[in-house]
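My plan was to go from the overall fold down to a few residues.

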Amino acid sequence: MVNAKNPKASNAGSQKKPNGNKIKHKGNSGGGGGAKPPFKGFKGGALKAHGKGSFVKSKEDLKKQRAEQFRQRQEARAQKQKELEEQRAKAKAEKEEKVKQYKKKRLERTKALSKRTQRGQPLMKDRMQLLLKQIQEMKKNG
C-alpha cells in the first residue's frame with residue numbers, strides 16, 4: 001500500500017494514526033529507526049531551573065536553615081542554664097546568710113544562758129535581757 005503523501009514509503013510494520021502519522025513498533029522488525037533520539041534540553045535554560053542544581057541548592061538551604069535553628073536552640077539552652085545557675089547561686093547565698101544569722105543568734109543565747117556566778121548560780125540579768133528581746137520581737141511581728 002502506497003501513501004498518498006509519500007509514494008515511496010510502504011506500510012510494512014507500521015500503523016497509521018488518525019492524523020496520518022505512522023506509529024513505529026518496537027520489536028524484531030529490524031526497521032532500525034525505532035529508538036528515540038537523546039533529549040538535548042529546553043531552550044533558554046528552563047531545565048536548569050528545575051534540574052539537579054536547584055535540588056542541591058534547596059538541600060543546602062535546608063541544611064543551613066536547620067543549622068541556624070540548632071544554633072538558636074543551643075543559645076536558648078545556654079541562656080536558660082545561665083539563668084538557673086544564677087538563681088541557684090542567689091538561693092544558696094540567701095540560705096548561707098540565714099544560717100549565719102541563726103548561728104550568731106544561737107551563740108549569743110547560749111553565752112547568755114551559760115554565764116554563772118562564782119558559786120555556780122546562773123546570772124539572771126542576762127536571762128532577763130533575752131526575755132525582754134523575745135517580748136519586743138513578738139510585739140514587732142504580732
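Below are my notes, in the order I looked things up.

**Entry 1: the ground rules.** I reminded myself that this is a predicted model.

**Entry 2: the fold.** I began with the secondary structure and found three helices and two strands. Following the sequence along, I wrote down the order as β-β-α-α-α.

**Entry 3: burial and surface.** How much of the chain is buried? I got 4% of the 142 residues. The accessible surface came to about 14,200 Å², and carbon and sulfur atoms account for 54% of that surface.

**Entry 4: contacts along the chain.** I took the contacts between residues at least 6 apart in sequence and asked what share joins residues at least 24 apart. My note for that share reads 9%.

**Entry 5: a surface patch.** I then looked for nonpolar side chains on the surface and found a patch made of Met124, Met128 and Leu131. Together they have about 310 Å² of accessible area. Met124 sits in helix α3, which covers residues 124–141. Is Met124 buried, partly exposed or exposed? I noted it as partly exposed, because its relative accessible area is 48%.

**Entry 6: Asp126.** I stayed in helix α3, where Asp126 is also found. Why does Asp126 count as buried? Its relative accessible area is 16%, and the cut-off for buried is under 20%. Which residues does Asp126 touch, once I leave aside its neighbours within four places in sequence? I found Ala112 and Lys115 in contact with Asp126.

Note on methods:
Residues numbered from 1 in each chain as written. Predicted model: local features only at pLDDT ≥ 70, side-chain atom pairs only at ≥ 80, totals over all residues. Heavy atoms only, no water. Helix = DSSP H or I, 4+ residues; strand = E, 2+ residues; numbered from the N terminus. Buried < 20%, exposed > 50% of the residue type's maximum accessible area, 1.4 Å probe, protein only. Contact = heavy atoms within 4.5 Å. Areas by Shrake-Rupley, 256 points an atom, 1.4 Å probe, with all protein chains shown as cover. Patch = residues over 30% accessible without salt bridge, like charges linked within 9 Å, V, L, I, M, F, W, Y side chains within 5 Å. Salt bridge = Lys/Arg side-chain N within 4 Å of Asp/Glu carboxyl O.
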